Amino acid sequence: MKHIKTPQDIADMARGAVFLGTGGGGDPYVGELFLLQQLEEGRSPMIVTADDVADDAFVVSIAGVGAPTVLVEHLVSERTLLDLLARAEAFYGRKIDALISAEIGGANSMFPLALGARAGIPVIDGDGMGRAFPHLEMTTFSIDGITATPTVMIDDLGNVATVTTPNDRLAEDMLRALCNTLGAMVLGSFYSMSGKQMKQSAVRDTITQTLEIGRCIRESRETCEDPVSGLMTYLNDPKRGRYARVLFDGKITDVTHETRDGWHWGAVSLQSMTDANDKMVVEIQNEYLAARRNGKTAIIVPDMISILDRETAEPLTAEMLHYGLRVKVIGYSAVPELRTEKALKVCSPRQFGMNEDFLPLESLA
Amino acid sequence: MTDYRLGIDVGGTNTDAVIMRGREVVTATKRATTQSVGDGVVDAVTVTLQQSGLAASAIKAVMIGTTQFVNAFLQRKNLSELAIIRISLPRTDGVPPMVSWPKDLRAILGSNIYMTKGGAYYTGQDYIPLDEEAIAAAALDIKAKGLKAIAISANFAPIRPDLEHRARDIVRGIIPDAMITLSSDVGGIGLIDRENAAIINASLMAFSREVVTSLVQAIKNLNISAPLYISQNDGTLLTTEAAEAYPILTCSAGPTNSIRGAAFLTGLQEAVVVDIGGTTTDIGFLVKGFPRETTGVNYIGGVRTNFRMPDVLSIALGGGSIVREEERGIEVGPQSVGFHIREEALLFGGPTLTTTDVAVKARDLSGIGDPAKVAHLDDDFVSRVMDAIRLRIEDAVDQMKTSSKPVPVVMVGGGSILVTGAVAGASDVLMPPYAEVANAVGAAIAQVSGRVDKLYDYGQDGGRLAVLEIAKQDAIDAAIRAGADPDTVEVLDIAELPMMHMKTNAVQVKVRAVGNLFAMSERAAV
């Protein structure tokens, strides 16, 4: 069992969540403050490992859905979340035994923790992605047949909707329509599952990972000449079985943003610090999806791209990027659960409209 | 063409004053800042007027830059206990005001927090009507506690400022002499950051009134009848009434004035500006004649705000930095003798070796202390120290640059004697006349600005171009209201931030317009 007990733990975790958010997922700031408030009131979340949860336990994800710009104004209501819990238990006809984050990257890493602390419900050390993705069907839960619906959705004014659909793509469309009607921000319960299902499908230990990544960056700043190198050592530790590489070191020369069909599209152009002809373009569709160096693919979704401030190793969301920033682009292999044939059917480059297949980061060296 | 402007910069160590006529600096002076700021201003201005031989009546405008308000907040001095009214329920109860604030500040400012019903969707429509009775009840309670400083915030106030205006009117009806800051007056989208700025501002209003009154009195005592303006963060001016009401708008005027002054003195529009003071060196980037601003969040005294600020890198190196020879090499700073340089430095008979001592020896300068007192310094040691200083500055300059292309570097501030010759990455190193008082020059040439930071709907308001025209006009109107000459106002920058993850055309638009001060426009276009 792990604890998040100090403001520094929360700050570390938020930093790690931005890293795993691969440019999207929303700024965890509001969730960070919500959790901080719980700590101040003397409550801390109880974090349990997946194996500690009984097979017949009842587990759900609690997540916010909406526009980051609205989140920073409407913030979050504790009363609404407690109401959601009560309504979800009534709707599913079961007491909720544990909460799990659907998406560890970004804002939705924090809400289950704060709500878990407030309501006294354990939170599982894990999530459904090990990163951030834009669609409901892009979770390991969904990939394994645990659908996002039936779901209870609620807004702060007490409007409640329940949605049940045959597949998560349709659920997504209905949810967005509801969300738009209710001011672009709602909260919901998703992926109701048994403890046994959760243990089969969850990406393990990702709360621990956000904490450790955030802490590693903070400590590397104090001890390393180059904080990014401290982080690379951590990510490439053989016991994690994953692979990370600095893909590019350079300056941002251009950032384009565009909102199309309600999604954030864009591209970041970079130029090497030492060679003006050496260039990289990172493509954005809510998250960073692909990076191409001088026209050649260097990494592609579901493998993970993070862009860090080159001096402080602070992870940057797509909204934070601007001309002139000096950054390092990091490539990190996705969790193995997202690289399977089954998973690639929902999160391969083709699912994001790119006319190419997934190639692992290791093979693109 | 006989109208003169007086620019004053009240720094922690020195109070600088310049008199300008049109584009010409007539005279300049540097004096020690005094305990009572007004006295230091009177002293510096008296000396400057004497040097110029001008009568006080020749001065047609006075511009003062001061870091006192932000220093008060950083040092937790002269702050008022306050009340906060947030209009947002049933939303936001999970994150009440001041959650992440440092404990020492919360102890000083109190926990007089009132959350009431009301607020708007991003579309601008009410999600629930404003609870006027709750606001009146809060005001009565605040009155009973004897508090005067009040910050008011509301959900989506940048698009619905009327919610805060109504609340202010209700509070003022109950506490007529309340000092109220509205979040929509000090920040953009982002409730917490905007509310934090409002709280900081409200805590400083009483002190601000005191300081502005003493400055007005000082100018009056000098028999100067010209209007007085205070410098704000973006290199433009505030009236004294606005400065009293919005001290937070002055919180980074110091570095801004130096950068603007450097631009003026060199005629450059794009450059890196290195302002070397007594304790620190501030490096900023000049773009189109204005300081480049930070894009992300900023912290003031440990409190996060989304406040606009010049993007300045500060390093602990200045004319008072202590020099030591250690085993691992030469150490310059971070300790500094600061404003005690006239007692501590070798040049003045003190016991401490400072960067100024080394620079005087290296450059064979006269006029600063007694050069004989540093004559014994070893030449090789001196050149190694000068190299170490230059390397630190070069490193910082490189960090601020946006490309490897060499750019001009302008050295300003009292400590600019520390660097000589070429600087790596610089196409040219300039130290114009009056570089040591560039901040006062920056104050004297300041313009006035107007800003817009709002959400617009490109789908409903006639399309993107029509919306941008509206936003530009709003910014221009704001600049004219602030005192700009309508003929000189132009739009300086436009930023569009689309709302993400939603099937709407809502876009956050930020526009800044700037123009010459009306009173000075005809006679002294700058």
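Predicted model: local features only at pLDDT ≥ 70, side-chain atom pairs only at ≥ 80, totals over all residues.
Let me begin with a contact between two helices of chain B: B:Thr355, B:Val358, B:Ala359, B:Lys361, B:Ala362 and B:Arg363 in H11(B) meet B:Asp379, B:Val382, B:Val385, B:Met386 and B:Ile389 in H12(B), where contact means heavy atoms within 4.5 Å. Seven of the residues in this contact are nonpolar, one is polar and three are charged. In this scheme Ala, Val, Leu, Ile, Met, Phe, Trp, Tyr, Cys and Pro count as nonpolar, Asp, Glu, Lys and Arg as charged, and the others, Gly among them, as polar.

Residues are numbered from 1 along each chain as its sequence is written, chains are lettered from A and ligands numbered from 1 in the order in which they are written, and side-chain values use heavy atoms, with hydrogens and water left out.

Returning to the helix pair, the axes of H11 (residues 355–363) and H12 (residues 379–400) of chain B come within 9 Å and cross at roughly 115 degrees. Axes here are lines fitted to C-alpha atoms, for helices over the stretch in contact, and angles run from 0 to 180 degrees between N-to-C directions. Helices (H or I, at least four residues) and strands (E, at least two) are DSSP runs, numbered from the N terminus.

I turn now to the sheets of chain B.

Another open sheet of chain B has four strands in the order E6-E5-E9-E10, with parallel pairing. Strand E6 (112–117) and strand E10 (179–182) are its edge strands, and the twist averages 20 degrees from one strand to the next. Six bridges link E5(B) with the parallel strand E9 (residues 149–154) of chain B, and B:Ile85 stands opposite B:Ile152 in E9(B). Helix H4 (residues 132–145) of chain B packs on this sheet, touching E5, E6 and E9, and makes about 170 degrees with the direction of E6(B).

How many residues of strand E13 of chain B are buried? Six of its six residues, at positions 271–276, are buried, that is, under 20% relative accessible area, with exposed meaning over 50% and partly exposed in between (1.4 Å probe, protein chains only). In a regular strand the side chains alternate between the two faces of the sheet. On one side of E13(B) are B:Ala271, B:Val273 and B:Asp275, and on the other B:Val272, B:Val274 and B:Ile276. E13(B) pairs antiparallel with strand E14 (residues 281–287) of chain B over six bridges, and these two strands form a hairpin with four residues between them. E13(B) is also joined by four bridges to the parallel strand E21 (residues 407–412) of chain B, where B:Val272 faces B:Val409.

Finally, some backbone details. Most residues other than glycine have a negative phi, and most peptide bonds are trans. B:Pro90 lies in the loop between strand E5 (82–89) and helix H3 (103–109) of chain B. Phi is near 70 degrees, a positive value, at A:Ala184 and likewise near 70 degrees at B:Tyr434. Is A:Ala184 buried or exposed? A:Ala184 has 0% relative accessibility and so counts as buried, whereas B:Tyr434, at 27%, counts as partly exposed.

Definitions and conventions
Pairing = 2+ DSSP bridges.
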